[in-house]
Amino acid sequence: MKEINLFGRIILSGYIRAVTGLHVGKGKEGLMIGGVDNPVMRDALTNQPYIPGSSLKGKLRSLAEKRDPATQPNKSIGKGVTIHVCNDPECRVCRIFGIPGQEQATAPTRLVVRDVFLEKESAESLKALDSDLPFTEVKYEAAIDRITSEANPRPLERVPADALFGPFEMVFNIYQDDDHDLLATLIEAMALLEDDYLGGSGSRGSGKVRFVNLEVKFKPVAVYGDAGVDISTMGFESLEGARSAIDSIIEKSRQEIQVPKVAGAA
Ligand SMILES: [Zn+2]
């Protein structure tokens with residue numbers, strides 16, 4: 001196995017606005033007595049709904065996979081979910097998002113996505129909301145029985161539209177020079193997500209999100225040992241702004257987090 005050196009980390013942070021109601025749940029875990037049959041994920045400590053980093057990362061991965069014919073889903077990971085996995089060291093999807101634990105990893109995963117909690121003020125206003133459940137609303141969706149065509153209203157718990165989550169944090173590790181270029185794939189997946197949906201019930205209108213007030217921070221490894229090193233940042237009001245500046249982000253990244261050319265390499 002070749003040597004693995006960490007040269008720096010790019011910290012991408014910002015906020016996630018729920019443009020429509022957001023339902024990030026655990027999937028079909030059975031009916032809860034007196035509750036909705038489709039609850040949202042809640043933080044055990046605060047009881048507030050949150051977006052698990054794994055859900056956000058999984059969604060970005062699936063969008064990045066579908067974007068490229070070379071990375072179509074090929075491996076079942078249970079619960080009816082199929083993802084793309086390969087051993088190609090050049091594969092952008094597997095380098096960024098990693099491959100499941102039981103597979104033989106040829107390179108470290110570049111991306112870490114942390115859990116995203118409700119922004120403070122947003123949590124306060126949702127707390128003051130007069131609703132059936134703390135911080136959320138219950139939406140009744142008409143599920144049409146395919147055989148009898150009878151409408152059968154199903155309760156779905158959602159975080160109301162306009163709620164703000166954040167700050168979110170994504171950590172992108174730089175191990176080799178062309179990792180800088182992978183930032184474009186990540187930003188593109190985020191842009192695809194804005195026109196897709198996060199969480200469940202997306203085809204029925206839930207889960208439209210926007211990334212706002214973004215900050216990209218470039219941290220060469222030297223900053224971890226020396227607090228005096230300046231850290232460069234770039235800011236963007238919207239993802240659209242970051243997307244159109246992707247070439248300068250990558251250029252800045254290369255400049256701030258330098259990967260030495262290996263002696264003898266082309
Ligand atoms: Zn792959």
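**Helix 4 and its surroundings**

Helix 4 and helix 7 cross in a right-handed manner in this predicted model. The axes of the two helices come within 10 Å, and the crossing angle is roughly 140°. On the side of helix 4, the contact is formed by Leu183, Ala184 and Ile187, and helix 7 contributes Ile246, Ile249, Ile250 and Ser253. Of these contact residues, six are nonpolar and one is polar, with no charged residue among them. Helix 7 itself covers residues 246-256.

Helix 4 consists of twelve residues, 183-194. The distance from its first C-alpha to its last is 17 Å, close to the 16 Å expected at 1.5 Å a residue. The helix is mostly covered, with nine of the twelve residues buried. The buried positions are Leu183, Thr185, Leu186, Ile187, Ala189, Met190, Ala191, Leu193 and Glu194.

In soluble globular proteins, nonpolar side chains tend to be buried together. The largest nonpolar core of the model has 60 residues. Helix 4 supplies the largest share of this core, seven residues. Leu56, Met170, Met190 and Phe211 are the residues with the most contacts inside the core.

Technical notes: Residues are numbered from 1 along each chain as its sequence is written. This is a predicted model: local features need pLDDT of at least 70, side-chain atom pairs count only at pLDDT 80 or more; totals for chains, interfaces and linings use all residues. Side-chain values use heavy atoms; hydrogens and water are left out. Helices (H or I, at least four residues) and strands (E, at least two) are DSSP runs, numbered from the N terminus. The expected span of a helix is 1.5 Å times one less than its number of residues. Buried means under 20% relative accessible area, exposed over 50%, partly exposed in between (1.4 Å probe, protein chains only). Axes are lines fitted to C-alpha atoms, for helices over the stretch in contact, and angles run from 0 to 180 degrees between N-to-C directions. A crossing is left-handed if the near helix is turned anticlockwise from the far one by less than a right angle, and right-handed if clockwise. Contact means heavy atoms within 4.5 Å. Ala, Val, Leu, Ile, Met, Phe, Trp, Tyr, Cys and Pro count as nonpolar, Asp, Glu, Lys and Arg as charged, and the others, Gly among them, as polar. A nonpolar core is a set of buried Ala, Val, Leu, Ile, Met, Phe, Trp, Tyr and Cys residues joined through side-chain atoms within 4.5 Å.
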